[in-house]
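Subject: Structure handover

Hi,

Here is the structure I promised to pass on. My notes follow below it.

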There are 2 protein chains.
Amino acid sequence: MTELELVASLRRRGQGIGDDCAILPSPASANDLLLTTDLFIEDVHFLRKHPPEQSGHRALARGLSDIAAMGGDPKWCLVSLALAPWAGPRWVERFYDGLLALARRYRTKLVGGDLSHAEKVTVDIVVVGSVPKGKALRRNGARPGDGIYVSGALGGFPRLPEPRITLGKALRAQATSCMDLSDGLSIDLHRLCIESQVAAVLDRPLPIAPKATLEAALHQGEDYELLFTARKRITEATQIGTIVEGPPGTITLFGSNLQPKGYDHFRVGQARGLRRAPSPPKSRK
Amino acid sequence: MTELELVASLRRRGQGIGDDCAILPSPASANDLLLTTDLFIEDVHFLRKHPPEQSGHRALARGLSDIAAMGGDPKWCLVSLALAPWAGPRWVERFYDGLLALARRYRTKLVGGDLSHAEKVTVDIVVVGSVPKGKALRRNGARPGDGIYVSGALGGFPRLPEPRITLGKALRAQATSCMDLSDGLSIDLHRLCIESQVAAVLDRPLPIAPKATLEAALHQGEDYELLFTARKRITEATQIGTIVEGPPGTITLFGSNLQPKGYDHFRVGQARGLRRAPSPPKSRK
């Protein structure tokens, strides 16, 4: 079972994993609430040897990036923390130092959580955001003729990724669809095209991070940049191609078919958050 | 470091873990939102050999019980799921069968989540609820002279715990404080008394589940009943004692001092959700 197949199955059960956040309508308010939850697990998303401040930053950045992808303003967060025997008070303090420094910069208030223990340190971050009613950016609005854009540069595996909150808010009025690049351009663009029932042509130079390879820019993931489509030209990001009619989810890269090879949680036995260079292709199957 | 000490430390950092849910004020609305997040981890909260439907039920019941403890109505839930290699599509289907059956009974809509992998199956459940503005039940309102009550029976380790949503809502107008019994009466009452800066006298028979021991009723946890205080007599629950002035957190049981011995995640090396009978006292230290 691949992640896409599992998501399809869960969606049939009523779980709409289509977008980066759930949208909670609040009838009496001028805003919709956005809600996202992200697991952050030792030996999957981070290692014990990583600086705890960096792990705290990255745990929260994943959730903030989901809010950015929907064009939202982050408001509150909750942290569920299951500690392993090795993670003492000093690790916890430094983990929160990193997490709260990022939270403060985006005016996100830590309001609760849960504590337990586990063999591996296991964190779940919930972020609640706000977006003007009906204005949340979705994955399903891309239409043939739209430009395809990415923010920043890809494949660089930033240790302290910066959530694109400001850009996401600016895109509310401009983008036709949006998501964040967490698993890699090839699989994330594939997902966006599936949601929008369109195909994609990539025929412009990709913004590749210094020292990164094309392979990393296409498939590595953990970029936390925004991938979006727009009808009019956008200057704050790089256009990399165009949405076209075609078999939903199909991507053409400079004339060749591009297979979605990004990070699929159900095909990979390898730990995440550990990769400086792209993994060999066989580990992605 | 004990859980109480860690919670005290996190609270100094701004994380208000004092109540069962975070309260999100929504200025334009007649209701406050309640938000709770609970980890549910293989070999900590459940075992691979447990029926998957039961695990799904219990994962969600923890979150619904937190909403009940605040007097709320559950509205939405999100499920973050990290699957271990052993957990195939059939396990996932049956886990969701159990979870969604409970969700339907309490009109809670599954609206999103996250998927990843881990060595052990790791679930985080987020539940969003609603409560009339300012009416959420808290832990800090118990006052000397209030009766101390519990719903249902204690120590029975129910396999399919029933969240006390209806009772919680009825208590909005009656209880002075409330929480759910997840870690055991002795430690949970201790926590409530600390939050309210009061002491407790238990001088009435406890409602002990059939075949359960007094030890289990006091310390075992996983009851998911409501523990609350009220000024007037409540008929839907059992009065077990009275709030008194005294050193905050102190509990007297039939004249003797009762130490909080319930489940503390940072003193226990033992898996949870596995206990039919109470563990030997030394495992709780």
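In which sense do strand β3 and strand β5 of chain B pair, and over how many bridges? They pair in the antiparallel sense, over 9 bridges. Strand β3 covers residues 73-83 of chain B, and strand β5 covers residues 122-132. Inside this pairing, B:W76 stands opposite B:V128 in β5(B). Please keep in mind that this is a predicted model.

**The sheet in chain B**

Both strands belong to an open sheet of 5 strands. The order is β1-β2-β5-β3-β4 (chain B), and the pairing is mixed. The edges are β1 (22-24) and β4 (109-117) of chain B. Each has a single partner strand, so one side of each is left without a neighbour in the sheet. From one strand to the next, the twist averages 20 degrees.

A helix packs on this sheet: α2 of chain B, residues 52-69. Helix α2 touches β2 (31-41), β3 and β5 of chain B. The direction of α2 makes about 145 degrees with that of β2(B).

**Salt bridges**

Over all chains, the structure holds 32 salt bridges.

How accessible are the two partners? B:D32 has a relative accessible area of 8% and is buried, as this is under the 20% cut-off. B:K133 is partly exposed, with a relative accessible area of 37%.

*B:D146 and B:R231.* These side chains meet in a salt bridge at 3.2 Å, N to O. B:D146 lies in the loop between β5 and β6 of chain B. B:R231 lies in the loop between β9 (226-230) and β10 (238-244) of chain B. The pair therefore ties together parts that are 85 residues apart in sequence. B:R231 is exposed, with a relative accessible area of 57%.

*B:E215 and B:K261.* Here the closest N and O atoms are 3.1 Å apart in the salt bridge. B:E215 lies in helix α6 (residues 214-219) of chain B, and B:K261 in the segment after β12 (256-257) of chain B. That placement is why the pair ties together parts 46 residues apart in sequence. B:E215 is partly exposed, with a relative accessible area of 31%. B:K261 is also partly exposed, with a relative accessible area of 23%.

*The network.* Which residues does it link? Salt bridges join A:D43, A:K120 and B:E119 in a network.

**Chain A in outline**

Chain A has 6 helices and 12 strands. Of its 285 residues, 62% count as buried. Take the contacts in chain A between residues at least 6 apart in sequence: 86% of them join residues at least 24 apart. Chain A exposes about 10600 Å², and carbon and sulfur atoms supply 52% of that area.

Best wishes

Key:
Residues numbered from 1 in each chain as written. Chains lettered and ligands numbered in written order. Predicted model: local features only at pLDDT ≥ 70, side-chain atom pairs only at ≥ 80, totals over all residues. Heavy atoms only, no water. Pairing = 2+ DSSP bridges. Helix = DSSP H or I, 4+ residues; strand = E, 2+ residues; numbered from the N terminus. Axes fitted to C-alpha atoms, helices over the stretch in contact; angles between N-to-C directions. Contact = heavy atoms within 4.5 Å. Salt bridge = Lys/Arg side-chain N within 4 Å of Asp/Glu carboxyl O. Buried < 20%, exposed > 50% of the residue type's maximum accessible area, 1.4 Å probe, protein only. Areas by Shrake-Rupley, 256 points an atom, 1.4 Å probe, with all protein chains shown as cover.
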